[in-house]
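Biologist: I'm new to this one. Can you put it up and walk me through it?

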Amino acid sequence: MTGEPPPLDPAEKVDLWRQRFFEAQAAAEEFILGEHGEEGLAAWIQANSRITATLLRAQRPAGVSATDHFMTRLRRQLLLYDSTVTTEPQPSGTVLRNADCGILRYRKRAARAGVVLTFSSPCPYCQELNTAIAARYLEPDVSVSCEQAGDGCTWRAESPHGPGEDAAGSPHRGRGGD
């Protein structure tokens with residue numbers, strides 16, 4: 001064999017990064033479950049949610065509510081896997097519809113290729129992790145929920161005061177550190 005391999009095109013790079021992330025995540029989950037069981041997985045989710053909420057606070061653009069920032073992050077995460085995602089502003093907040101989850105589709109394809117998966121479905125893990133992130137990061141009066149629907153889900157971030165204002169009418173600023 002001579003010379004260097006040809007460079008990857010952008011689509012190949014994206015696929016390779018997805019694969020590497022998937023492999024690393026699966027390895028971490030398998031290790032944690034194998035060494036520490038369900039209790040270890042719960043601690044993993046709490047640590048991951050704490051770290052992610054801290055990063056989100058540091059990265060939130062000025063003038064953007066924590067709720068909008070969180071929902072944008074979730075949408076972008078799903079789009080990384082080519083999910084079919086729409087967001088709808090509502091009087092009480094935001095609804096994110098994931099009609100066809102690319103993460104679920106990616107995992108099904110990996111399983112068909114012989115990859116041993118840690119979880120039969122990523123959905124409960126995803127919901128628990130993102131709900132825990134929301135609990136640490138979002139404004140105190142915002143509730144986040146997720147409902148499964150076929151190969152997708154619907155996320156809701158709702159506040160009794162509507163998006164962008166709290167009971168006193170001032171912009172949301174998100175929670176402080178934990």
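Modeller: We'll go from the overall layout to single residues and pairs.

Biologist: What kind of model is this, and how are residues numbered?

Modeller: This is a predicted model: local features need pLDDT of at least 70, side-chain atom pairs count only at pLDDT 80 or more, and totals for chains, interfaces and linings use all residues. Numbering starts from 1 along each chain as its sequence is written, and side-chain values use heavy atoms, leaving out hydrogens and water.

Biologist: How many helices and strands does the chain have?

Modeller: The chain has 4 helices and 4 strands. Helices (H or I, at least four residues) and strands (E, at least two) are DSSP runs, numbered from the N terminus.

Biologist: In what order do the elements run from the N terminus?

Modeller: The order is α-α-β-β-α-α-β-β.

Biologist: How much of the chain counts as buried?

Modeller: Of the 178 residues, 35% count as buried. Buried means under 20% relative accessible area, exposed over 50%, and partly exposed in between (1.4 Å probe, protein chains only).

Biologist: And the surface?

Modeller: The chain exposes about 10,500 Å², with carbon and sulfur atoms supplying 57% of it. Those areas come from the Shrake-Rupley method with a 1.4 Å probe; for residues, only the protein chains shown count as cover.

Biologist: What share of the contacts links residues 24 or more positions apart?

Modeller: Such pairs make up 58% of the chain's contacts with a separation of 6 or more. Contact means heavy atoms within 4.5 Å.

Biologist: Show me an example. Where does I45 lie, and what does it touch?

Modeller: I45 lies in helix α1. I45 touches Y125, E128, L129 and A132, leaving aside residues up to four places away in sequence. The C-alpha atoms of I45 and A132 are separated by 7.5 Å, although the two residues are 87 apart along the chain.

Biologist: Is I45 buried or exposed?

Modeller: I45 is buried, at a relative accessible area of 2%.

Biologist: E29 next. Which helix holds it?

Modeller: E29 lies in helix α1. E29 is buried yet has no salt bridge. The nearest side chain of opposite charge is R107, 4.8 Å away. Here Lys and Arg count as positive and Asp and Glu as negative; His and the chain ends are not counted.

Biologist: What does the side chain of E29 pair with, then?

Modeller: A polar contact of 2.8 Å joins the side chains of E29 and Q25. A polar contact is a pair of N or O atoms within 3.5 Å; within protein, one must be able to donate a hydrogen and the other to accept it, and residues adjacent in sequence count only if both atoms are side-chain atoms. E29 also touches T118, F119 and Y125, not counting residues up to four places away in sequence.

Biologist: How many salt bridges does the structure hold?

Modeller: The structure holds 7. A salt bridge is a side-chain nitrogen of Lys or Arg within 4 Å of a carboxyl oxygen of Asp or Glu.

Biologist: Which partner does D15 have, and how far apart are they?

Modeller: D15 pairs with R18, the closest N and O atoms being 3.4 Å apart. The two are 3 residues apart in helix α1, so about one helical turn separates them. D15 is partly exposed at 44% relative accessibility, whereas R18 is buried at 13%.

Biologist: Where do D151 and K108 sit?

Modeller: D151 and K108 form a salt bridge, with closest N and O atoms 3.1 Å apart. D151 lies in the loop between β3 (143-149) and β4 (152-158) and K108 in helix α3 (residues 102-112), so the pair ties together parts that are 43 residues apart in sequence.

Biologist: Which residues do shared partners join into one network?

Modeller: Salt bridges that share partners join D15, R18 and D82 into one network.

Biologist: Where is D82?

Modeller: D82 is in the loop between α2 and β1 (84-90). D82 has a positive phi of about 60 degrees although it is not a glycine.

Biologist: Switching topic. How many disulfides are there?

Modeller: A search of the whole structure finds 0. A disulfide is a pair of cysteine sulfur atoms within 2.5 Å. For C101, the nearest cysteine sulfur is that of C153, 6.0 Å away. For C146, the nearest is also that of C153, at 4.1 Å.
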